[in-house]
Amino acid sequence: MKIIKNPQTSDYAAICARPVIDLASLNETVSTVLADIKARGDEAVKEYEKKFDKAELSALLVSQEEIDAAMKEVSAELLDAIRLAHSNISKFHESQKFEGQVVETCAGVRCWQKSVAIEKVGLYIPGGTAPLFSTVLMLAIPAKIAGCKEIVLCTPPNAEGKVNPAILAAAEIAGVSKIYKIGGVQAIGAMAYGTESVPKVYKIFGPGNRFVMAAKQAVSLGDVAIDMPAGPSEVCVVADETSNPVFVAADLLSQAEHGIDSQVILISTDEDMLQKVKAEVERQVELLPRMEMAKKTLENSTLVLVKDYEEAMTLSNAYAPEHLILASDKYEMLAEKVVNAGSVFLGNYACESAGDYASGTNHTLPTHGWATCYSGVNLDSYMRKVTFQHLSADGVRSIGRAVELMAAAESLDAHKNAMTVRLNSIK
C-alpha cells in the first residue's frame, strides 16, 4: 500500500482513481454470446455452460429435489444464520414501504402516486471463488416484499452441474420462484431475452465479473433495465487517534480479499494510527487463505494522511466509496458530513461484514464513484411509482386557462384544444 501525506486538492483525482477496466476489449466476446443466446435460446446457453463452466446440462432449471437435498446438506447452524439474516433484512426493507398521499394542488385538482412492483425480475448470483449466497438474500428479500410476481435467479453450476447448496438454501428461504444453472454472459442474455426455459424479465439485479458487467450494460441499452452500473468492490475507512488499528486492518483486508481489482483506502487524521494500521495489515494478510489475492488488491490501495476531519470527509466524498467506515469515536460528527457513499458504518464496532451479511441493510451498492448519483438496492429498486390525477369541473376552472396559455406558447395547439373543449363545456 502506498502512503500519501497531506495531499493537495489537485491530488484528489489521482487518489480517487479506480483500477482501469477496459470493457471495450470485452465487447466483441460479450456481443457474440448475447446475439447467439437471442437467436438460439436454450441450445446456445447449454453450449456456453459447457464451454465456460465445464458443465454438461440436460436441464437448466434446478429441480425441487435438488433444492430439498441442498436444505439437508447445509448445516443447521448455517441455516439458522441465514434465517437470522433473512429476518433482519426483511425488517429493514419492510420499513421502506411507500405510503402515497393524495394532494389537492388547487381547487378540484387531486394528484397522487401508487407504488407498483415490477412484475418480473432477474437475479444474478456469482458462483466462482466465492459463492455469494448472502447476495441471494439481499436481492430476493426486497423483491418478495415488493410483490414481484416472478423472481428468477441464475447462478453458475460446478463442473458436475450442481449449484452451491447454500445458494439454493438461501433462495428457498427467500422465496425465489425459479433457479437456473446458468452463469456469466449467457445468464444475463437468457434473462434479458428469454429462452425456451428462462422467462424474460423486466429488470436484472446482481454483481458479477467484468464479463457480466459488460453484458448487463449491453442489454440495458434496449432490452431490459439493470440495477446500477457495477464495478469492483471497494471500501474507504476514515480513522483517527480513537480508532482500533486491529479492527481497521481487518476491515481493509475483508474488502481486499474480494478480488485483485478491488480497492481499499484509509484516510487518517493521525499519522501514528496510519503507521499502526499499515503494520497490522502486513501482519494479518499473511494469515489469510486468500493472501495472494489480497496482496494484489493492496497494490491498488492507498493510505492517506490528512490534517483534519474536514479534509478527511472532503476526500471521502470525492472518492464516493461503495462502503464507508467511520472508525472513530466521533462518528456522529463525521456522519453529518457524508454526502457520497453507498453504505456507511459508524464507530469502531460496525464492520462492513455486518452489512454484508446480517445487520439488515442491503449490500448491493454503487461502486466506481457511482455513489455520487446512485443508491444501493432497496425496496424502491423493485417498484415503479405510477402517478394519478383527477380533475373535477372546478379543477378545469382552476388550471384551464394556464394550460391553454402554456400550450399555445409552445405552439402545441392540440394540447391547448384538449383543455379548451373542457373549458367550453362547463361555461
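**Strands, sheets and helix packing in a predicted model**

Asn164 has a relative accessibility of 28%, so Asn164 counts as partly exposed. (Buried means under 20% relative accessible area, exposed over 50%, and partly exposed in between, with a 1.4 Å probe and protein chains only.) The model is predicted: local features need pLDDT of at least 70, side-chain atom pairs count only at pLDDT 80 or more, and totals for chains, interfaces and linings use all residues. Residues are numbered from 1 along each chain as its sequence is written, and side-chain values use heavy atoms, with hydrogens and water left out.

Asn164 sits in the loop between strand 5 (150-155) and helix 7 (165-174). Helices (H or I, at least four residues) and strands (E, at least two) are DSSP runs, numbered from the N terminus. In sequence, Asn164 and Leu132 are 32 residues apart; in space, their C-alpha atoms are 9.4 Å apart.

Two strands pair if DSSP finds at least two bridges between them. Five bridges link strand 4 (residues 120-124) with strand 5. Leu123 stands opposite Leu153 in strand 5. Contact means heavy atoms within 4.5 Å.

Another open sheet has three strands in the order 2-3-14, with antiparallel pairing. Its edge strands are strand 2 (103-106) and strand 14 (383-391). Neighbouring strands are turned by 30 degrees against each other on average, direction ignored. Strand 2 and strand 3 (residues 109-117) are joined by three bridges. Cys106 has Val109 in strand 3 as its bridge partner. Helix 16 (residues 393-409) lies across strand 2, strand 3 and strand 14, and runs at about 95 degrees to strand 14.

Strand 11 (residues 302-305) pairs with two strands described here. Strand 1 (residues 2-5) runs parallel to strand 11 and is joined to it by four bridges. Strand 10 (residues 263-268) also runs parallel to strand 11, again with four bridges. Val304 is the bridge partner of Ile4, and Ile267 stands opposite Val304. In a regular strand the side chains alternate between the two faces of the sheet. In strand 11, Thr302 and Val304 point one way, Leu303 and Leu305 the other, and all are buried.

Helix 2 (residues 24-40) packs against helix 9 (residues 210-219) at an angle of about 65 degrees, with axes 10 Å apart. Among the residues that meet are Leu26 and Val30 in helix 2, and Phe211 and Ala214 in helix 9. By class, the contact has eight nonpolar, two polar and one charged residues. (Ala, Val, Leu, Ile, Met, Phe, Trp, Tyr, Cys and Pro count as nonpolar, Asp, Glu, Lys and Arg as charged, and the others, Gly among them, as polar.)

Most residues other than glycine have a negative phi. Asn6 has a positive phi of about 50 degrees. Asn6 lies in the loop between strand 1 and helix 1 (12-16) and is partly exposed at 43% relative accessibility. Ala320 has a positive phi near 55 degrees. Ala320 lies in the loop between helix 13 (309-319) and strand 12 (323-327) and is buried, with a relative accessible area of 0%.

Technical notes. Axes are lines fitted to C-alpha atoms, for helices over the stretch in contact, and angles run from 0 to 180 degrees between N-to-C directions.
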